[in-house]
Amino acid sequence: MPKSVSVIGAGPGGLFAAEILSAIGYSVRVVDHMPSVARKFLLAGRGGLNLTHSEPLDAFLKRYHPQELLLLESIRQFPPSALRHWCHGLGEPTFVGSSGRVFPKSFKASPLLRAWLRRLDAQGVSFQLGWSCTGFSSSGHLQIASKEAPHENVVLESDAVLLALGGGSWARLGSTGAWVNWMSQEGVSCAPLAPTNCGFEAPLSEDFVSRFAGAPLKKIGLTHETTRLVGEIMIDRSGLEGGGIYALARQLRQAIERDGNTTLWLDLKPDLSKEAIVNRLQRPRGKQSRSTYLRKVLKLSPLALALMREAGTVADEPTALAHQIKCLPLLLTAPRPIERAISSAGGLAFTEIDEHFMLRKKAGVFVCGEMLDWEAPTGGYLLQGVFASANAAARGIHRFLSNERT
């Protein structure tokens, strides 16, 4: 009779580990407290399902923080090319977008998930939905409970367990972060979960927000401390969202934790030098309003001009005005709550697991994905980290159970 593995968490990490282990020949059961699987995965697919990124692996690995060698090695063992190959094997070819991001050609998560679930079914994977993991029993075994009887714990009967419970973002889709409490009670070190890849609060006027909420500001420079990038931001009801903000979220959050607030510097014309802007501002203005003049000579959008006014008095003198355009300060006061973040930072410390992703204090219990203390920007890095760590944990489980046979 094959040995059994219980996978707790039906997100992409749990499903991928279940696929690997069932293909080897283990009896695999996937447990999840939601009524259906991969809800966050499906939500990500609404924007095109950015699976991974095509940049060279050395540059790719630098996107992960902290630079945990175990996570980085798992990605080397299961790199972006392997994830694309897996996707192709499910009948969903991929393509590289103009930004270097990798997507399924269908640009959706649902066709991929349907093919994936058919494969899991063919390999004999079973699902136990509507059941939550409630922690460890007094005897040290993991327990689960159904929604119908949440206080009636049932001990998991399996030869190994993989915890793929996710972080704390988008809790309504399944990743509540509740596991941090019962892990901590077992003496397992966990960093507090925190929002990342999230928007930030900014003290914007009501008039500005009423006019520009939902409007994007594209291809601008963003500088925070020593980091500079070109990206996009979007104004919302109380601050900023967008890819440019997400890419800086880790250091913005850490600066606010340290200082109470932080300043983000915007370059509204990153393709023009300050000198080139000054030269353009030498052109006669005539009877044009300043806004009309700046739109014509510099192609500054109404949003960019309004943002300049939000930051203070707009200069008239060309050199001072060019400086404002190239170096516009924007105060940020807080990250958005974790419930509104794309992903979360913090989680289980890597020192708590061995090189095979098994808990040092709980033999036979393995972990993967966003439960671990790492973070990365959007762009395909998040899913790649989840798949790679799930692959490593599944291989670790196979090694553990194979050793037990001998």
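Let me start with Glu241 and Arg336, whose side chains form a salt bridge with an N to O distance of 3.0 Å. This pair connects distant parts of the chain, 95 residues apart. Glu241 sits in strand 15, residues 239-241, while Arg336 lies in the loop between strand 18 (334-335) and strand 19 (343-348). Keep in mind that this is a predicted model.

Are these two residues buried or exposed? Glu241 has a relative accessibility of 12%, so this residue counts as buried. Arg336 is at 0%, so this residue is buried as well.

The pair also has partners. Glu201, Asp236, Glu241 and Arg336 are joined in a network of salt bridges.

Now to a pair within a helix. Arg76 and Glu73 meet through their side chains in a salt bridge, at 3.7 Å from N to O. Both belong to helix 4, residues 69-77, and because they are 3 residues apart there, about one helical turn separates them. Arg76 is partly exposed, with 41% relative accessibility. Glu73, at 35% relative accessible area, is partly exposed too.

The last pair is Asp259 and Arg258. Their side chains form a salt bridge at 3.0 Å, N to O. Which side of the 50% cut-off does each fall on? Asp259 has a relative accessibility of 47% and therefore counts as partly exposed. Arg258 has a relative accessible area of 54%, over the 50% cut-off, so Arg258 is exposed.

As for the total, a search of the whole structure gives 18 salt bridges. The pairs I went through are among them.

Definitions and conventions:
Residues numbered from 1 in each chain as written. Predicted model: local features only at pLDDT ≥ 70, side-chain atom pairs only at ≥ 80, totals over all residues. Heavy atoms only, no water. Salt bridge = Lys/Arg side-chain N within 4 Å of Asp/Glu carboxyl O. Helix = DSSP H or I, 4+ residues; strand = E, 2+ residues; numbered from the N terminus. Buried < 20%, exposed > 50% of the residue type's maximum accessible area, 1.4 Å probe, protein only.
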